[in-house]
Amino acid sequence: MTQINRIAGGLIDRSTMLRFTFDGKSYTGHPGDTLASALLANGVRLMGRSFKYHRPRGPLSAGSEEPNALVELRSGARQEPNTRATVAELFDGLAANSQNRWPSLAFDMMSLNDRLSNFLAAGFYYKTFMWPAAFWEKIYEPIIRRAAGLGSMSRLEDPDSYDKGFLHCDVLIIGAGPAGLMAALTAGRAGSRVILADEDFRFGGRLNAETHDVGGMPGTDWAAATVAELSTLPNVRLMLRTTIIGAFDHGIYSAVERVSDHLAQPLPGKPRQTLWRIYSKHTILAAGATERPVAFENNDRPGIMLAGSLRAYANRWGVTVGDRVAVFSNNDDGLRTALDLQAKGVDVVAVIDSREGGALLPGIRHLRGAQVIDSEGRLGLKSITVRLANGKTETINATALAVSGGWNPNLNIASHHRAKPKWLEAIAAFVPGEGGPGNLTAAGAARGAMSTHAALSTGQSSALEVLDALGVNVKATALPKAEDAPVAITPLWHVHYGNGRAWIDMQNDVTVKDIKLAHQENFTSVEHLKRYTTLGMATDQGKTGNVIGLAVMAELTGRSIPETGTTVYRPPYTPVAMGTLAGRSRGKEFKPFRHTPSHQWAMEQGAIFVEVGMWLRTQWLPRADETHWRQSVDREVLATRKSVGICDVTTLGKIDIQGTDAGTFLDKVYANTFSTLAVGKCRYGLMLREDGIVFDDGTTARLAEHEYVMTTTTANAVTVFRHLEFVRQCLFPDLDVQLISTTEAWAQYSVAGPNARKLLQKLVDQDISDAVFPYMGAGNITVCGGLRARLFRISFSGELAYEIAVPTRYGDALIRQLVEAGKEFDAIVYGTETLGVLRIEKGHVAGNELNGQSTALNMGLGKMVSKKKDSIGMTLSQREGLNDPNGYRLVGVKPVDITQALSAGSHFLEIGAAPVAGNDGGWLTSMVYSPHIGSHIALGYLKAGDQKIGQRMRAVNFLNKTDVEIEIVSPHFLDPEGERLRG
Amino acid sequence: MIINHPILGPRDAQEFVYLGDESLMARPDGMAPDAIALFHDYLYLRDNPAGEHRELWYHEQGDRSWLVVTRNTVTHEISKVELARDVARSMGRST
Amino acid sequence: MANAELKPLTALGHPAPTTIEIGGCRIIERFDVALASLATRRGREKDVAKAGKLAKLVLPGVSQSITSSVYGAFWLSSQQWMIEAPFATHEDIAAHLKSMFADAASITEQTDAWVRFDVSSRNLQPVLERLCNVDVAKAEMDFATRTVIEHIGCYLIKRGADNVTLYGPRSMAASLLHALEIIAHSVA
């Protein structure tokens, strides 16, 4: 097909031909085209079906406000639904498909909805799908879901990547039309750091769509010359294809830069889009204005378009929408469309001007006091019906109709802080109100200054105000000469003739009738109107429709438009792909990984890893002959208890605490006492929250008089540090205490089992016999002939055990040394699963027990809370409610029949008791298979558990559907007297 | 939001962790005879103003200082930022 | 000093540090710097300043860093600094510093807590503005700050117009390098 509607002129490169397809059909266009302009050039007006009634639709606009021409762009994994054809840049090989139609765009089965429109009016869903309730999930929702939405998703992983970034500037200028360019020139020449962002792929804004001269040259040339100057200024950053999507607090703005959307696919390594966070001191909103239509019967046919857009297609893209063009306007600006098209040789069949009287355009059939009251043409406009000033009607053949109901300033960003727009009667539109984002001023059409001269003038004055606030003194310069036509408008919101549907919100299919129905049913407040009719709730946020809807409601209620109110806009200004918000944080790159010092060694051994927060820890280390994880874990447990096992415990938080008041400080943050701890010793510490609940636990060693090293659980390393800083700075601001994390500085391994000392003694340079290095000893040592190291004789497993730490760079070497030296003892390396078995067998609490609900008393550690000193949480741990003698106590659990499995999360029930909440005795917190005991064992919180040792109960789990008879035992399954660890 | 750190200057609020009301610094003496009642009020009775609020923020991705930020909870306007340690001292918490 | 059986690994898990060049961007892993934190004890500001002077170690002001022949330093927080020294001569940097500052300061070894990348490019700004919110372009030379890169808390020091040092948590070295590489490719 040839480009039958391509006319002369335009900012396109006719020397290059681009091929593209729409619904499988091939077309051609040129660089500079959008998908919409290229399709229109090819005579294609029908581009989509409407949301609810499946009405045939073509583009209403030539910009990002587009409600109708939504297509599926690209194919395969890159297919993107609901893309506005009016802003999609044409590239060679582009493939697009229409959406929301079946089987084809021209013949759509669902257009049946259009015939049923009487039943599908506003509130239809609320009224219809009410009852019976049982129908909702199985019948109504699936039907609605199938019918809802426009485009479809590929359901494939997005192959593109998205960057994020941060920019800083003195002044952010949103929009690069005459106002934005003038503001940028003024601020840029004065040396300020300027960011000029425009959503379009060409700077100039409306200048590219008009035939106005600026400064004695065509407006497009002036824009290009200005951009050329700005690009030489190192303090000015020009950002094309960049939409400011939201204003946030204190000068922070979000922007989406479409880096690669104009290409078939991003270049290797390049992102598709970049989400920028812009820190600005001042902002000038120069986002221009959006035209609004006039509602009349059947005003949604392909070929009926906003007047300024139809003009833009002619001037910027060299395209006429039809061969016979009519214009319907309530203001002077709409008349420009007729003049520009006529000048380009297009047949302008009539100008229907709703205003009475006044001068007539020369050489054009200019009908004053007339209105368009209906249109014809199933898949595209064929004719319009006009009611003339004398009351007679006339049918005029036309394939395109340009409609102008006036222009709405693009104040969206200015209202992102809930600033209510205010009504400006002179232009019959809302302008930015008070109380918007701080340090934001609007310039040009965005603030209601509609002429080119007014745009240049307010652009300059806004920039001068900003410069003044920044302390830069610059004088105004002479403005380039430009048109300064007044806004001559007599509002007409909707045509009162005819009984059919007149569309207001094209994307959500809201008509004048729907507004009337909302009024009839008393949904007259703006917020109710919006939700009842869905006016403005589509992805275009009602850019073209909202004000008309308000005006109709104002008319019905007899109030003025400002009295009726307005809704504010929300970010994002235009729809944003989810991938853009995710950035690089997806899949395996969702968050960083932390590797332990033994990671490389463990990889070589074929270890199975588990994510613990961001850490990757060894979960278990299977041997070649092991096919089930339990085989590996049972072996690791038994080998440790029999001889010796090694485990990487680097992930535990380590905090270096120094200062002359370090002991006093620890007495504040721990429930038990540390100031009395001897140098060279360590102690288990219990940290409470101020409400008396256990916060964290770990061992803390005293390495010198004023130097301690605290360990935290892996999970709480960050929050404990934060808490310590709070206590240090906010509660006891003059204690002499200094903190720093050393978690990463030391590679730390636990060596546990009867042969632990023998193994370590092979590597440690000093004597570590029990006499020299007793249980709970701690200190600096050296290993392997002089390497600085730390040794702590602590045990989480109940065995004779040590933790040995070396500078992290030697962590890999040390695990290899330990494994080698351990060969004679059949030493094994174990992971987190075995760690869990060992600690549960010993009855030590961990994350499942430190659940943010449990006290020291619950854990059987009540005596650790010293009442002789004021520590965090001590006071409130004494509350009556937390000291119920029949409250939860940590117990051990064994199945009566040792072949039966237990499951964590099961609830304790008395034998014979009904499984109801009132009989709930508590729950099993942690469960493992204990090869030592020869059955499953568990820890749990049981009401009055300490009084129930030896009793039989049941462990009931509704999720697993298990009900197991159990015996309540001491949580210390192994060596309750602690003889092993002191050995 | 931007928090104008008293030492570091303007920093993005994303770098901070929020805790709550400044009154959390007014921790009672745990050895006082009526300590339980005092701690109950300290921990659980809090104003929730629509308007100016003095609140604690921690500069976790910065210098690890705790700050008292005077912020209007309706407009997000921040009128004052102080080092919590200085505020604690002025509250008489030095001993 | 350890015996030869113990082979140290860099944070990226190799025997020797890595240098990567992407486009005009060079990322050098540094494995030759010893680190220790130094925090003034209560009321000992004068003693710390005096000891620093003797050691030819100037402790920089807020958000500043300094380099000198032996010791370098950058500001961490009020009265707390990170001290840098050549690893070859100062492997036990904490012991060196303790001998100079005695009980006037709390000193903690930090050498292996961090991975260090020196990032340089003739067009560094596009790289850094996609990594963190620091206004590096406007920052003075020797500016030092903590910041976040792809969820990773780091220190950034501006060494020159085309050159910054990044210190990130050692355990996240691979993830941090990955983030740097991706952006280097993105702007290449």
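Colleague: What order do the five strands of the open sheet in chain A come in?
Modeller: The order is E17-E24-E18-E19-E20 in chain A, and the pairing is parallel. Keep in mind that this is a predicted model.

Colleague: And which strands stand at the edges?
Modeller: Those are strand E17 (304–306) and strand E20 (366–368) of chain A. Each has a single partner strand, so one side of each has no neighbour in the sheet.

Colleague: What does the twist average from one strand to the next?
Modeller: That comes to 20°.

Colleague: OK, how many bridges join E18 to E19 in chain A?
Modeller: Six, between residues 324–329 of strand E18 and residues 347–353 of strand E19. For example, A:Phe328 has A:Ile352 in E19(A) as its bridge partner.

Colleague: Which strands does helix H8 of chain A lie across?
Modeller: Helix H8 (residues 332–343) lies across E18, E19 and strand E24 (400–404) of chain A. The helix runs at about 165° to E18(A).

Colleague: Switching topic: how many residues do chain A and chain C put into their contact?
Modeller: It's 40 residues from chain A and 40 residues from chain C. On the chain A side, E8(A) gives the largest share, six residues. That side divides into twelve nonpolar, 14 polar and 14 charged residues.

Colleague: And how many do chain B and chain A bring to theirs?
Modeller: Chain B brings 24 residues and chain A brings 20 residues. On the chain B side, helix H1 (35–44) and helix H2 (84–90) of chain B are the elements that give two or more residues. The chain B side has 13 nonpolar, four polar and seven charged residues.

Definitions and conventions
Residues are numbered from 1 along each chain as its sequence is written. Chains are lettered from A and ligands numbered from 1 in the order in which they are written. This is a predicted model: local features need pLDDT of at least 70, side-chain atom pairs count only at pLDDT 80 or more; totals for chains, interfaces and linings use all residues. Two residues are in contact if their C-beta atoms, placed from the backbone, lie within 7 Å. Helices (H or I, at least four residues) and strands (E, at least two) are DSSP runs, numbered from the N terminus. Ala, Val, Leu, Ile, Met, Phe, Trp, Tyr, Cys and Pro count as nonpolar, Asp, Glu, Lys and Arg as charged, and the others, Gly among them, as polar. Two strands pair if DSSP finds at least two bridges between them. Axes are lines fitted to C-alpha atoms, for helices over the stretch in contact, and angles run from 0 to 180 degrees between N-to-C directions.
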